Amino acid sequence: MAMSATRRRLLFGIPLALAVVGGEGFYTILRRMQRNDYDPHALPSPLIGKRPPAFSLPGLNGGPGFSNLDLLAPPRPMLVNWFASWCIPCVQEAQMLDWLTKNGLTIWGINYEDKADTAAHYLAQNGNPYTRIATDISGLTAINWGVYGVPETYLIDKTGIVRWRYAGPLTPDIVNGTLNKLLRRYS
Amino acid sequence: MKRVLLFLLAFLPALAQAQMVTRDGVTLTQTQETRAEAIGDQLRCLVCQNESIEGSSATLAKQLRIIIRQHVVEGDSNKSIMQFMVQRYGIFVLLKPPFTPLTYLLYATPPLALIIGLLIFWVARRIRVTPPAPLSAEDAKRLDELLQ
Amino acid sequence: MIPEIGHFALALAVALAFAQGVVGIFAPGLRDPRAMRATPALAISHLLAIGASLLCLIYAGIVSDFTVENVADFSSSAVPLLYRITGTWGNHDGSILLWCFILSLCGGVVALFGHNLPASLRARVLGVLGLVSGGFLLFTLTVSDPLARLWPPPLQGAGINPILQDPGLAFHPPVLYAGYVGFSVAFAFAVAALIEGRIDAAWGRWVRPWALLSWIFLTAGITLGSWWSYYTLGWGGFWFWDPVENAALLPWLTGTALLHCAIVVEKREALKAWTVLLAIATFSLSLSGTFLVRSGILNSVHSFAAAPGQGLFLLVLLGLTIGGSLLLFAVRAPVLAAAGIFAPLSRESALVLNNIFLCAIAAVVFVGTLYPPFVDLFFGIQLSVGAPFFDQTVLPLTAPLILAMAVGPLLPWKRADLAPALARLWLAAGVALVVFLVTTAERHVVTALGLAGGAWVMLAALTDFAERLRLFRVPLSASFARLASLPRSAIGAALGHLGFGVTILGIAGMTLATQKVIVMQPGQTTELGGYSWTLEDIRSAPGPDYSQRIADVTLSAHGHPFLTLHPSRRNFAAQGTVTDDAAINTNGFQDIYAVFSDEPAGGGAELRLNRHPLAPEIWFGGLIMALGGALSLSDRRLRVGAPARAKRKKPAEVAA
């Protein structure tokens, strides 16, 4: 049975069509990467839309620490920032955290797998933006949060729900872009 | 006495499996260790991101290995341990994605690729044996004239 | 000064490449013989220019010239000489310069060795190569410049990534690129044929050596890469289905299909459109792989630090090259009349089946690798597709391939009966069955299938070889005579299949690998794989840019020590990283593998001990495949068409 010429041409055009579709897809992905909408190395946190898991951690050098019950209903959206004295990117974001607190944002810190004296020294050297500090020496609470590195920052809204997780040091781009938008949305 | 010993001998293979090993500070039986390794091989190390947590030397991988072994010793099923990990890290932590509507296309690719390949072969054979189109009346007349 | 010369040479190369492209494509259409002859000259000068540029970059690395940004970022004067040289391509910018160099080398080789090609075809092939080169050189010069200068220069460079400080680094990238990029020649042949509108047996004969040459390098490159990660990464894995590994495997799969298809075009003038499409697809996959790794889209341990801006430039290049060639295919390929008819059961059909299976495997790997970014794009969900998925989907697909590749070479062309071919495989089938039953008795079914499959393929290749010699059917002296006159391509093909079988055996053997992770104190002994492993001592030793801690491990069998291994941990002060150096001992059929993975605070050493049966076979197989290809390539018939030349001479002599 004969196949018409046009049908043949269409068949031979399939590879081109597939390539065009693929190209469109890649282009879209690249544009989104440029706009910081997509990061192939970042993980979405399963905590988003939920409350932080149950925990109760001691404080630093005799301080009070805090638990998940303290995060049930913050007066304003706040950040929980995981940090460590041995973490170099944490030093990089220290200035940014400082700036954020000066502009009215509340940040609570959790010290991850660290020693009390080095942590205290770190805070003395780089400034202490944290209203309250807890220590997770074993790292088990971090695992329950789904933390996989430091620094990590979680945005918690007024109802105690986690709305955003950022893995890595907070940069001006991220703060002015994503964080600002979210703070406006959830205030 | 001999019968008792022979009876006990039957348990030797089981005893071999019951031999204890220590891995990352957790002591468990060989069977349990094998099960834990199989689970670990299915989970992605999030720090190195292209190794499983069994093979990775990252601290987080070690902590997760310890947690897996503790759960295995307590008798938790493979499914619940995987759930534990997914609850905390998302489905990204699974090296083999779960079979849900989202991944139907992915899992369908092997049979689909074969079928499409064979289809193209079959279609291509039909294209090849196309006879030329019959001549129109005008062309047939021209051909006659040329042949004369 | 030297870096500036290199920079200038790079800019010159861009101009020469585009000149080569334009002249090569348009000269045949204008029927200008001088212009057509100019194209090879342009190709060679283009090669010299970029060669000079690469040499200048290497020189800057050797003398540790930190005014060159690339050297300052990725090297240091403490790095040993070999790695100051080879580290040139251990980073994004340097490696893309190497990529461009190899691309220009392809053009140069076609210019120098393509005498037997008609002038117009050679010009068009060089033209296509020139345009592709030009695009990538422009990318390198503008967005990814390895010779960019840095002022003031730092006092010391940042040093090289410790994992890359390895002899494997010297050979794996250039060899892999020679294969990966080498398929540009087959691509250029395909595009040239589409432009010319003619594909015949002669085209098939001309394109085969070039496809074969790049296939040899790609096979060797992938084998080397796999072996390198095996002994470097420290847990005995040899293939991780990492996106970058997949990016190299995909062109290998379609390239193997291409190689087999080209045979059919040459011998039977059938499957022309298929061959052209495969040639385009193979290089397109190479390009896509380059794009995916450098754009940052894919999450990989190999990927270079990337900027989306670079990604966009590459995407444009890809669009022009792949889109352009596929458009040409869509328009011109239907015109190519298919000549040869063949029965559903024949060698041609077997080759088509082989292609279908190879392409099906390629499709699975392709979809699996690209699924995560596209799912994220459409649904915003991040999932991961890793080794377990690929193992469970690709390995079953190799089963029909393994079955078919044994039967194919034994079928005659055009029309065949299955029964005689299968009958000739009685030995292969019998041995495979025995191997399967013996191994299954130990309850390792997957291993059994793998070992049986490997035995089946190996013996089938030997059967094919024996058939050609009519071994045991005619007197031995007659068989020897046949051996002498047997075309090398036939031996090469059998070797190729044999090598594949050997690799399958190796992979099957690895499923029986035994491993133990244990913290030991000096003097302690443990059992694994039938051997006693004793940690003798832990000691320190200095190195060029690292400090070492070495564990001495002795193995004994039946109380007799027979082997001592020295796995070590290296602390690179400059980068603050610690790497584990695996100690491997091989006897050709088994690897003993020990890694010093940690030194716990409580003392002693954490060791990962492994016994890997048949592991060396994985890479021996790859080597045998490459050798088979090389042997095939050395067949004079393939390259110069010698019989045709002799025939042409005769009439002239008669006339005289």
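Which residue of strand 6 of chain A does Asn81(A) stand opposite? Asn81(A) stands opposite Thr153(A). The model is predicted, so local features need pLDDT of at least 70 and side-chain atom pairs count only at pLDDT 80 or more, while totals for chains, interfaces and linings use all residues. Residues are numbered from 1 along each chain as its sequence is written, and chains are lettered from A and ligands numbered from 1 in the order in which they are written.

Strand 3 (residues 78-83) and strand 6 (residues 152-156) of chain A pair in the antiparallel sense, over five bridges. Two strands pair if DSSP finds at least two bridges between them. Strands (E, at least two residues) and helices (H or I, at least four) are DSSP runs, numbered from the N terminus. In chain A, five strands form an open sheet with mixed pairing, in the order 5-4-3-6-7. Strand 5 (133-136) and strand 7 (162-167) of chain A are the edge strands, each pairing on one side only.

Next come the contacts between chains. Two residues are in contact if their C-beta atoms, placed from the backbone, lie within 7 Å. The contact between chain B and chain A takes 13 residues from chain B and 13 residues from chain A. On the side of chain B that touches chain A, helix 4 (59-74), helix 5 (78-89) and helix 6 (104-128) of chain B each supply at least two residues.

Another contact takes 33 residues from chain C and 24 residues from chain B. On the side of chain C that touches chain B, helix 12 of chain C gives the largest share, 11 residues. That side divides into 23 nonpolar, nine polar and one charged residue. Here Ala, Val, Leu, Ile, Met, Phe, Trp, Tyr, Cys and Pro count as nonpolar, Asp, Glu, Lys and Arg as charged, and the others, Gly among them, as polar.

Leaving aside neighbours within four places in sequence, Ala186(C) is in contact with residues including Val207(C), Trp210(C) and Phe283(C).
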